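Try each before you read on.

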Amino acid sequence: MSLLPLGTSFQVLQHSRIEVLAMQLAADLLRHPPASVLTPQTLVVGHPGMLRWLERQLAVDSGLPLPRIAANLELLLPWQWLDRLAQEALPAAEAAVLLPWRQETLRWVLDGVLAGIERSEIRGYLAGESVEQRRFQLADRLAAQYTRYLLYRPQWLADWEAGRTPAAGPRADHWQAEVWRQLRARLPGPHRAQRAAELKAALARRRADPEQPLLPVFGVSHLSPDVLDALAAVSAHTRVRLYFASPVAGHFERGRR
């Protein structure tokens with residue numbers, strides 16, 4: 001097992017077997033309990049499948065003298081953790097404007113937008129029977145796509161809003177660009193990409209916690225830039241430990257000997 005310090009309170013723990021990382025996580029949770037027994041221990045977990053597996057692993061297969069139950073744990077997906085962090089760190093009014101941009105809410109707004117757009121690409125897809133069902137399916141796919149753009153292509157969205165064609169991106173007259181502009185007309189408030197800087201600044205103003213609580217991040221294969229920036233900012237007052245399964249972690253260690 002290898003430990004890569006990215007800072008005084010941000011570490012990456014690597015191993016080729018994820019079961020070993022889960023055992024190490026269980027040991028770390030015992031060593032760093034929350035300040036109050038009533039306070040749940042928060043863990044950031046990569047995806048829903050990993051979340052269920054880890055919950056069972058901590059309860060049954062940790063190999064430690066623990067009861068066969070995992071209790072008082074708050075397992076959050078990265079976007080859930082970031083969303084809650086924004087609600088805690090930003091003023092209530094600023095955090096509230098982020099709620100409509102959740103994917104499960106955004107698809108309903110997009111369904112209404114699509115109903116009023118007369119583009120041949122969209123009308124051709126919706127032609128035939130079950131128009132409402134097909135429109136909602138398209139809205140759901142677009143909500144997922146725009147969510148990815150907010151994470152990884154925010155400049156495309158900014159250019160589309162300004163009527164510009166982004167570098168290496170779809171033209172300003174592309175149908176997705178028009179849908180985005182009409183969506184922004186309905187949701188003019190700041191979105192996730194625009195609030196990233198404000199959240200980072202708010203986290204930097206927080207005072208360091210003398211207890212230095214532990215925030216484990218487990219089973220992630222990648223992190224979006226805003227989540228990674230938030231974790232780096234949080235590490236100023238919280239111990240952040242990323243448990244990362246790497247199939248070659250042990251080989252690198254043996255190669256240096």
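Q: Are α5 and α9 roughly parallel or roughly perpendicular to each other?
A: This is a predicted model, where local features need pLDDT of at least 70, side-chain atom pairs count only at pLDDT 80 or more, and totals for chains, interfaces and linings use all residues. Helix α5 (residues 103-115) and α9 pack at an angle of about 115°, with axes 10 Å apart. Angles under 35 degrees count as roughly parallel, over 145 as roughly antiparallel, 65 to 115 as roughly perpendicular and the rest as oblique. So α5 and α9 are roughly perpendicular.

Q: Which residues of α9 make the contact with α5?
A: Contact means heavy atoms within 4.5 Å. Residues are numbered from 1 along each chain as its sequence is written, and side-chain values use heavy atoms, leaving out hydrogens and water. From α5 come L106, V109, L110, G112, V113 and L114. From α9 come V179, Q182, L183 and R186.

Q: Is A168 buried or exposed?
A: A168 sits in the loop between α8 (154-161) and α9 (175-186). Buried means under 20% relative accessible area, exposed over 50%, and partly exposed in between (1.4 Å probe, protein chains only). A168 has a relative accessible area of 81%, so it is exposed.

Q: What is the phi of S130?
A: S130 lies in the loop between α6 (120-126) and α7 (131-152). Most residues other than glycine have a negative phi. S130 is not a glycine, yet its phi is positive, at about 55°.

How values were computed. Helix = DSSP H or I, 4+ residues; strand = E, 2+ residues; numbered from the N terminus. Axes fitted to C-alpha atoms, helices over the stretch in contact; angles between N-to-C directions.
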